[in-house]
Amino acid sequence: QEDKDAKPLPRINRHSIFWIVASVGVTYYVDFLRNIMENDDIKSWWFNVGLVLLGICLSLAMFCIVYLEWFKGIQHYDQEYPAIPPITTAAFIAASCR
């Protein structure tokens, strides 16, 4: 009963802001976009496969977060759509291996 009565954490807090700022800072510090566009060491075929898999993973994450949780109000979307967590996990692992 206590789990149902507990209030959820706010969407924006210090912890999430820290990680967003840290990721933007690291991306800027390593000059990420310029390195991707100009570096000849990147094999374009494998890079494109990784980008597609990462896009699938992020699309499923946005579907779960934005559509299911915010618009439809489904808090436990993994119970409603049990295939989403393993597909997202597999796509993320495959994208990170490429």
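**Contacts and packing**

Reply: Leaving out residues up to four places away in sequence, Leu 54 touches Phe 92 and Ala 95, where contact means heavy atoms within 4.5 Å. This is a predicted model, in which local features need pLDDT of at least 70 and side-chain atom pairs count only at pLDDT 80 or more, while totals for chains, interfaces and linings use all residues. Residues are numbered from 1 along each chain as its sequence is written, and side-chain values use heavy atoms, with hydrogens and water left out.

Me: Where does Leu 54 sit, in which helix? And is Leu 54 buried or exposed, or in between?

Reply: Leu 54 is found in helix 4, helices being DSSP runs of H or I with at least four residues, and strands runs of E with at least two, numbered from the N terminus. Leu 54 counts as partly exposed at 32% relative accessibility; buried means under 20% relative accessible area, exposed over 50%, and partly exposed in between, with a 1.4 Å probe and protein chains only. From C-alpha to C-alpha, Leu 54 and Thr 88 are 9.3 Å apart in space, although 34 residues apart in sequence.

Me: How do helix 4 and helix 6 pack, at what angle?

Reply: Helix 4 (residues 44-71) and helix 6 (residues 84-97) pack at an angle of about 150°, and their axes are 8 Å apart. The axes are lines fitted to C-alpha atoms, for helices over the stretch in contact, and the angles run from 0 to 180 degrees between N-to-C directions. Residues making this contact include Gly 50, Leu 53, Cys 57 and Cys 64 of helix 4 and Ile 84, Thr 88 and Phe 92 of helix 6.

Me: How many of the residues in that contact are nonpolar, polar or charged?

Reply: The contact of helix 4 with helix 6 divides into 14 nonpolar, two polar and no charged residues. Here Ala, Val, Leu, Ile, Met, Phe, Trp, Tyr, Cys and Pro count as nonpolar, Asp, Glu, Lys and Arg as charged, and the others, Gly among them, as polar.

Me: New topic, then: how many disulfides are there?

Reply: The count comes to zero disulfides, a disulfide being a pair of cysteine sulfur atoms within 2.5 Å. Cys 57 is in no disulfide, as the nearest cysteine sulfur, that of Cys 64, is 9.8 Å away.

Me: What comes just after helix 2?

Reply: Just after helix 2, Asp 31 takes a positive phi of about 55°. Most residues other than glycine have a negative phi. Asp 31 lies in the loop between helix 2 and helix 3 (32-38), and at 31% relative accessibility Asp 31 counts as partly exposed.

Me: Last one: what is the secondary structure of the whole chain?

Reply: The chain comes to six helices and zero strands, and buried residues make up 9% of its 98 residues.
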